[in-house]
Amino acid sequence: MTSKLRAAVIGVGVGWNHLAGYQASDLSECVAICDANPQTLNERGEKHNIPQNARFTDYRELLASPNIDAVSVCVPNFLHEPIVMAALQAGKHVLCEKPLATTVAAAQRMIAAAKAANRLLMVCYNHRYRPDVYWLKQQARAGVFGHIYAAKAGWMREGWIPTHGAWFTQKDKAGGGVLIDLGVHALDLALWLMDYPQPVSVSGAAFAEFGQRAQKHHAGHPAPVHFDVEDMGMGFVRFADGSALALEASWAAHREPQQDDYYVRVFGREAGANVFTRKYSEHIVELYTLNDMQPRQAIAIKPDLSAFEGLRRGHHAVVHHFADCIVNGVTPESPAEHGLIGLQIVEGIYQSSQSGSEVKI
Ligand SMILES: NC(=O)c1ccc[n+]([C@@H]2O[C@H](COP(=O)([O-])OP(=O)(O)OC[C@H]3O[C@@H](n4cnc5c(N)ncnc54)[C@H](O)[C@@H]3O)[C@@H](O)[C@H]2O)c1
């Protein structure tokens, strides 16, 4: 291992954030990129000064390079498993975009392969590095909440069925709809604040009311040609430690026009908290607890998040942490097992929706 991680990015749609993150971190460099679309590949390559001979359209050629320590896998969901497997077999550490895979079984195979190859497999949960959520995690680590026994999380859009990359609305390519796309982010925030308790049962429902009628897709884009996933989903999860969580997510619903509600709420024995915004780039958080002087009165604390200004956020924070794990042996915050638990819950919601009853995990 050299002192800097030599990283590569496969898929430079959202993957360009990984590329920029590796370049911005003092622990890594981006030594190669790959994209099946030569135009996207070269545009990103030019913008980020990646030499021509370090740009690949075939990921297998990129993986054959011995000068790459790790890769970010940022391709459509159905390609996560084959490309992660190939990367692990080639001896690379892997940071995989969310969702880890399209099914629980695929995620389990990927985790087993990472163990067999003795390589790090991490899932990319960039929303943890929002200042509001990160501040809440600091409070949780300091024991401010006590035991968190309940949580609610959601990402509810009014009209935003994705149309770029037609794969998003196809079950065999995406693994599901809004729950596996946006739901896993909100779910992860709640689970992370709760210290990832083990889910034991899931009840839920998934709906497809707009996509198939060519309604409420991305403004200005043509409707998806192929739509066989849910555009709204709800779930209720019980955990082995007795705690519980409610989740909701929608790409499309009859609700406040153009609104994009994003929230995570936790209820602990000693305090509770709420992150709520109608624009997920805004950071709004409140913490609720008892007033020590007047024990019957609740108080709301609105933290000053300015301390987070200028710090790494989002994807830049994830790839820096990934590099830190490999270069300095730091413990991964989002191991692949967290991606597996998210998929167990989402898949549980799909099964419960079909059977009409609670599903054991
Ligand atoms: N963490 C986040 O905030 C976030 C945001 C958006 C997307 N994502 C995830 O990132 C992944 C990619 O999403 P996206 O929005 O960039 O999708 P996209 O369709 O916009 O881009 C995917 C890119 O992968 C390329 N690609 C497809 N097949 C390939 C192959 N075999 N080899 C190399 N490149 C290939 C495509 O040409 C395209 O440029 C998905 O898993 C998605 O869920 C995460």
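The model is a predicted one. I then followed the two strands: S8 (residues 199-207) and S9 (residues 232-239) are antiparallel and pair over eight bridges. I also checked S8 against S15 (residues 359-360), and two bridges join these antiparallel strands. Here I noted Val202 opposite Val359.

**The parallel sheet**

I traced an open sheet of six strands, with parallel pairing, in the order S3-S2-S1-S4-S5-S6. Strands S3 (55-56) and S6 (121-124) are at the edges with a single partner strand each, so one side of each has no neighbour in the sheet. I looked at how S3 is held and found two bridges, in the parallel sense, to S2 (residues 28-34). Cys34 stands opposite Phe56 of S3.

**Helix H9**

I next asked what packs on this sheet, and noted helix H9 (residues 314-328), which touches S1, S2, S4, S5 and S6. The direction of H9 makes about 160° with that of S5. I checked the span of H9: its 15 residues reach 21 Å from first C-alpha to last, close to the 21 Å expected. Twelve of the 15 residues are buried, so I put H9 down as largely enclosed by the rest of the structure. Among the buried residues I listed His315, His320, His321, Asp324 and Cys325. The cover over the buried residues of H9 includes helix H1 (16-24) as well as S1, S2, S4, S5 and S6. Just after the helix, I read a positive phi of about 70° at Gly329.

**Salt bridges**

I counted 21 salt bridges, taking a side-chain nitrogen of Lys or Arg within 4 Å of a carboxyl oxygen of Asp or Glu. I looked up three of these pairs.

- Asp69 pairs with Arg6, with the closest N and O atoms 2.9 Å apart. Asp69 lies in the loop between helix H3 (59-63) and S4, and Arg6 in S1, so the pair ties together parts that are 63 residues apart in sequence. I found Asp69 buried, at a relative accessible area of 11%.
- Lys98 meets Asp181 at 3.2 Å, N to O. Lys98 is in the loop between S5 and helix H5 (104-117) and Asp181 is in helix H8 (residues 178-193), 83 residues apart. I found both Lys98 and Asp181 buried.
- Arg255 pairs with Glu256, with the closest N and O atoms 3.6 Å apart. I read a relative accessible area of 37% for Glu256, which is partly exposed.

Note on methods:
Residues numbered from 1 in each chain as written. Predicted model: local features only at pLDDT ≥ 70, side-chain atom pairs only at ≥ 80, totals over all residues. Heavy atoms only, no water. Pairing = 2+ DSSP bridges. Helix = DSSP H or I, 4+ residues; strand = E, 2+ residues; numbered from the N terminus. Contact = heavy atoms within 4.5 Å. Axes fitted to C-alpha atoms, helices over the stretch in contact; angles between N-to-C directions. Expected span 1.5 Å × (residues − 1). Buried < 20%, exposed > 50% of the residue type's maximum accessible area, 1.4 Å probe, protein only.
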